[in-house]
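Subject: Structure handover

Hello,

Here is the structure I said I would pass on. My notes on what was found in it follow below.

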Amino acid sequence: MLAYAESKKNLAASACGVAGLGLTVTGAAGTYWPVVVAGLYAAGALIAPPERPAPPPPGGPTEQLNDVRERFGRLREYVAEVDLPDPADGRLAELMELYGALLEPGWVADVLAADPESVHALSRAIELDVPECVDTYNRTRWWTRLTPGGESPERHLERQLSLLYEEAERLTADLREAEVRRQQTHTTYLEERGQHS
């Protein structure tokens, strides 16, 4: 609770709520002043930048990946309980499958652990980006029911999940490229060794 009270979201929302109270005092909000104050508070929470996740904790690559796997397990439980529209739900399932494949114990996870930037990007997506997409969709959908019109929250959610999927595909391609370079380097080494013997 204290962490939320000090968060950027709460501070921005509170500032907008105070602005709503100012509108109420001046009479601009009229009889709908509770809706105006609540709406401005919610708008402030939505427009505030998300908190930046802490960088991966120092420690060995195995410890870092175990921490990311644990958070991924919690994320899976969370999104399993959320009701999303079909296109976004399918994109989320693909994204979760890709994250799961990258984090599965074995040589792929070993390659991932050797690249701290990739571990951090995956950690950020799992800890912050995916939950933020789902949370803001649910909140925006609630407001859209009160005041229909504008761009649908479903389209934003689908676009956000597509961008995260593209990011995960780039991460996977970078890891694959690193392995290709490693193989080419070993081939060059063997060729040079064969010429000198």
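A charge is said to sit over a ring if NZ of Lys or CZ of Arg is within 6 Å of the ring centre and within 35 degrees of the ring normal. One such case is Arg-91, whose charged end sits over the ring of Tyr-165, 4.6 Å from the centre of that ring. Please keep in mind throughout that this is a predicted model.

Now the overall picture. The protein chain has eight helices and zero strands, and its pattern along the sequence reads α-α-α-α-α-α-α-α. The chain has 197 residues, of which 30% count as buried. Its accessible surface comes to about 12600 Å², and carbon and sulfur atoms hold 58% of that area. Among contacts in the protein chain with a separation of 6 or more, 72% are between residues 24 or more positions apart.

Next, the aromatic rings. How many aromatic pairs does a search of the whole structure find? The search finds one. The pair consists of Phe-72 and Tyr-99, with ring centres 6.4 Å apart and planes at 80°. Planes over 60 degrees apart count as edge-to-face, so this pair, at 80°, is edge-to-face.

Two positions show how parts of the chain that are apart in sequence meet. The first topic is Leu-161, which is placed in helix α8 (residues 153-196). Leu-161 has a relative accessible area of 0% and is therefore buried. Leaving out residues up to four places away in sequence, Leu-161 touches Ala-88, Arg-91, Leu-92, Leu-95 and Cys-133. One of these, Leu-92, is 69 residues from Leu-161 along the chain, yet their C-alpha atoms are separated by 6.4 Å. Arg-91, also on that list, is the residue whose charged end sits over the ring of Tyr-165.

The other position is Ala-109, in helix α6 (residues 107-113). Ala-109 is buried too, with a relative accessible area of 2%. Apart from neighbours within four places in sequence, Ala-109 is in contact with Leu-65, Arg-69, Leu-102, Leu-103 and Glu-104. From Ala-109 to Leu-65 the C-alpha distance is 7.7 Å, and the two are 44 residues apart in sequence.

Lys-9 lies in helix α2 (residues 8-26). Its side chain is joined to that of Glu-132 by a polar contact of 3.2 Å.

Last, the cysteines. A disulfide is a covalent bond between the sulfur atoms of two cysteines. The structure holds zero disulfides. Cys-16 has 21% relative accessibility and so counts as partly exposed. Cys-133 is at 8% and so counts as buried; this cysteine is among the residues touched by Leu-161.

Regards

Terms used:
Residues are numbered from 1 along each chain as its sequence is written. This is a predicted model: local features need pLDDT of at least 70, side-chain atom pairs count only at pLDDT 80 or more; totals for chains, interfaces and linings use all residues. Side-chain values use heavy atoms; hydrogens and water are left out. Helices (H or I, at least four residues) and strands (E, at least two) are DSSP runs, numbered from the N terminus. A polar contact is a pair of N or O atoms within 3.5 Å; within protein, one must be able to donate a hydrogen and the other to accept it, and residues adjacent in sequence count only if both atoms are side-chain atoms. Rings of Phe, Tyr and Trp (its six-membered ring) pair if their centres lie within 6.5 Å; planes under 30 degrees apart count as stacked, over 60 as edge-to-face and the rest as tilted. Buried means under 20% relative accessible area, exposed over 50%, partly exposed in between (1.4 Å probe, protein chains only). Contact means heavy atoms within 4.5 Å. Accessible areas come from the Shrake-Rupley method with a 1.4 Å probe; for residues, only the protein chains shown count as cover. A disulfide is a pair of cysteine sulfur atoms within 2.5 Å.
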